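Please read this briefing alongside the sequence and the 3D view. Short notes grouped by topic follow the opening sentences.

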Amino acid sequence: MGYASRMTAPVAHNAEAASADPLIRIRGLSTVLNGKTIFDKVDLDIPRGGVTAVMGPSGTGKTTLMRHITGQLAPDAGEVWVDGRNVVTLDRAALFALREKIGYLFQNSALLTDYSVFENVAFPLRQHLRLPEVVLRNLVLTKLQAVGLRGAVDLMPHELSGGMMRRVALARAIVRDPMLIIYDEPFVGLDPIALNQIVKLIRTLSETLGITSILVAHELSAVRRVADHIYLLAGGKIAAYGTPEELERGDTPWTEQFFTGAADGPVPFQYPAPDYAVELGLAEARR
Amino acid sequence: MSTARTSSRFTDALAQIGACGIFLFRIFAAVPRSLRYFKETIRQIWFVGAMSLTIIMTCGLFIGAVLGLQLYDVLSRFGSAAMSGTVVALALYRELGPVVTALLFAGRAGTSITAEVGLMRATDQIAAMEMMAVDPLAYVVAPRFLAGIVAMPALVCIFNALAILGAHVVCVSWLGLDNGTFWSNMTASVDVWTDVINGVWKSVAFGAVCTLIASFQGYTTAPTSEGVAYATTRTVVFSSIATLALDFVMTAFLM
């Protein structure tokens, strides 16, 4: 079977097998953005309490999936159930009530640039809770200590490196001990020491507080250490699902290509383009 | 082809106006929620009002001086130089004060609102607020809108005061017009309700329009550096046109 034909028939995924009572249940999700099919009737479950990684080639819709889960983007069709509520049908007030239980680490950190590190982490607390200043300060310092930036409490975002900004954003995402944390590319720009600590932190939050975590990442070694399950997205479908060990065995062309990093496989490395020789004018010269 | 393109641009412009109108209603709906961010509103009044004082005061002083100079020259040909202060005051209170202040406000505060909100959009700060269950319309836009409405009349009053001072310096101190004549003619001819208060109403409307346009352009900008640059330019152009058009309409109704 050629790769082209395999593209149309990704590995079957049994969503029901993921969990009996999943925190997130997605059924028949279909999304088309700018004429490109991102999801084609995707079914997916995220179990409670564990760390689920969502992986896949760039542009395959991982961040879009997170935006569907958090109600930032409505799908063209399908249902997105989070903690028993269909996000697609929620009004703004109900959606905001749900989001209060979700921590979200943005790909580009999205720190509030006019506020200090302390105020950035304190922002969700100040907006939703009336805590005494001493309690609020201790909470913020505890979270900053967890990401190793307690000493940077008075710095402004423009004084931080990319990796430090990501750690501050992580502290802000976990400051209210949410029911669900979505980490969108949490390891980008981190040095090995910080990466190791963040991996441990994600694992600790999951194991000690029972927080459900969704991790969008490309760093295989880190994902292998932290994730309980991995969804591999490709071609608008779930290409593979399983534990890191199961997926690494690579019994499908999708997992084989993704985990070996081969350019040749069902996922084309090259963006669709005209014939290379023709575009360079070499075909004409040969004649 | 050309007709079709013109038609398309016209419908695009109408769609933008419609979207801006809907945005205004969303701001009105967000205003009650924004009252809990009172400190933020005060900070924005400082930012769009107090920080605009230098340009407003400087321009007011020079515009008043030029007005005084020109009017003294023209009116003295008809033996009416004593009316210079009166004409300066009426021109300022009725038209020049609110309109010029609004144009300066659009250039100084409007552009900074667009750039700030646009960059917040481009760097996902707006999305981050929504994800933290904080309504960006209530936290970011409504305080700026209220600040514009509060700051603009104050700026117009300061602009007018400095402009009259400029005219006084030119007419009285430089050209030798009698000080008592300058003030007494002015106070006798200027009516608080028809001249001063109508100017204040205009300034409130211009403040609302300029901050609405600035916020809308920033909030809906394309999340790129080029998108923010275009949005900032559009803020100045659209605010200027809207101010002048609204001035005509309001003058027709208020006269």
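In chain B, 88% of the contacts with a separation of 6 or more join residues 24 or more positions apart; two residues are in contact if their C-beta atoms, placed from the backbone, lie within 7 Å. This is a predicted model, in which local features need pLDDT of at least 70 and side-chain atom pairs count only at pLDDT 80 or more, while totals for chains, interfaces and linings use all residues. Residues are numbered from 1 along each chain as its sequence is written, and chains are lettered from A and ligands numbered from 1 in the order in which they are written.

**Confidence**
- Chain B has a mean pLDDT of 93, and 100% of its residues reach 70 or more; pLDDT is the predictor's confidence in each residue, from 0 to 100.
- For the complex, the predictor gives an ipTM of 0.82 and a pTM of 0.84.

**Chain B**
- Chain B contains 9 helices and 0 strands (DSSP runs: H or I of at least four residues for helices, E of at least two for strands, numbered from the N terminus).
- The C-alpha trace of chain B spans about 65 × 50 × 30 Å along its principal axes.
- Of the 255 residues in chain B, 45% are buried, meaning that 20 or more other C-beta atoms, placed from the backbone, lie within 10 Å of the residue's own.

**Nonpolar core**
- The largest nonpolar core has 144 residues; such a core is a set of buried Ala, Val, Leu, Ile, Met, Phe, Trp, Tyr and Cys residues joined through C-beta atoms within 7 Å.
- Helix H6 (residues 136-174) of chain B gives the largest share of this core, 22 residues.
- A:Leu215 is among the residues with the most contacts inside this core, and the residues that A:Leu215 touches include A:Val51, A:Tyr183 and A:Ile202, not counting residues up to four places away in sequence.

Methods:
Buried ≥ 20, exposed ≤ 12 C-beta atoms within 10 Å, placed from the backbone.
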